Amino acid sequence: MLIYLDHAWKTLGAGSGERSVTGLIQAIEHGAVNRVRPKLMTVLAIMLGSWPALWSHGAGASVMKRIAAPMVGGMVTSTILTLVVIPVI
């Protein structure tokens with residue numbers, strides 16, 4: 001996310017030569033929007049791949065549930081951190 005924000009800041013700042021608060025807000029919005037699709041595709045692929053392990057029954061299911069549950073929780077918190085918290089900071 002930081003790379004996308006930095007690239008947007010350099011791109012929007014280079015065109016005008018002047019850096020203002022409005023330009024900063026536009027750069028943050030532009031960088032964050034460019035990062036949404038790749039992040040959501042990654043998160044959905046991991047969560048959909050882990051979904052059968054969370055709801056399975058049978059031999060080895062108890063071990064797989066203990067592995068898949070933190071992975072899904074981590075992806076949710078990672079998404080919130082990357083798409084909401086970092087652009088605000």
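Is W55 buried or exposed? W55 counts as exposed because its relative accessibility is 58%; by definition, exposed means over 50% relative accessible area, buried under 20%, and partly exposed in between, with a 1.4 Å probe and protein chains only.

A word on the source. This is a predicted model, in which local features need pLDDT of at least 70 and side-chain atom pairs count only at pLDDT 80 or more, while totals for chains, interfaces and linings use all residues. Residues are numbered from 1 along each chain as its sequence is written, and side-chain values use heavy atoms, with hydrogens and water left out.

Let me stay with W55 for a moment. Searching the whole structure gives one aromatic pair. Its members are W51 and W55, in a tilted arrangement with 5.7 Å from centre to centre and 50 degrees between the planes. Rings of Phe, Tyr and Trp (the six-membered ring of Trp) pair if their centres lie within 6.5 Å; planes under 30 degrees apart count as stacked, over 60 as edge-to-face, and the rest as tilted. W51 is partly exposed, at a relative accessible area of 48%.

Now to the overall architecture. The chain contains three helices and zero strands, where helices (H or I, at least four residues) and strands (E, at least two) are DSSP runs numbered from the N terminus. The radius of gyration is 19 Å, well over the 12 Å that the globule rule gives for 89 residues, so the chain is more spread out than a compact globule. That radius is taken over C-alpha atoms, and the rule is 2.2 Å times the number of residues to the power 0.38. Along the principal axes, the C-alpha trace spans about 65 × 20 × 15 Å. Of the 89 residues, 21% are buried.

Among the buried residues of α3 are A68, V72, M75 and T79. T79 has a relative accessible area of 13%. Leaving aside residues up to four places away in sequence, T79 touches K39, L40, V43 and V84, contact meaning heavy atoms within 4.5 Å.
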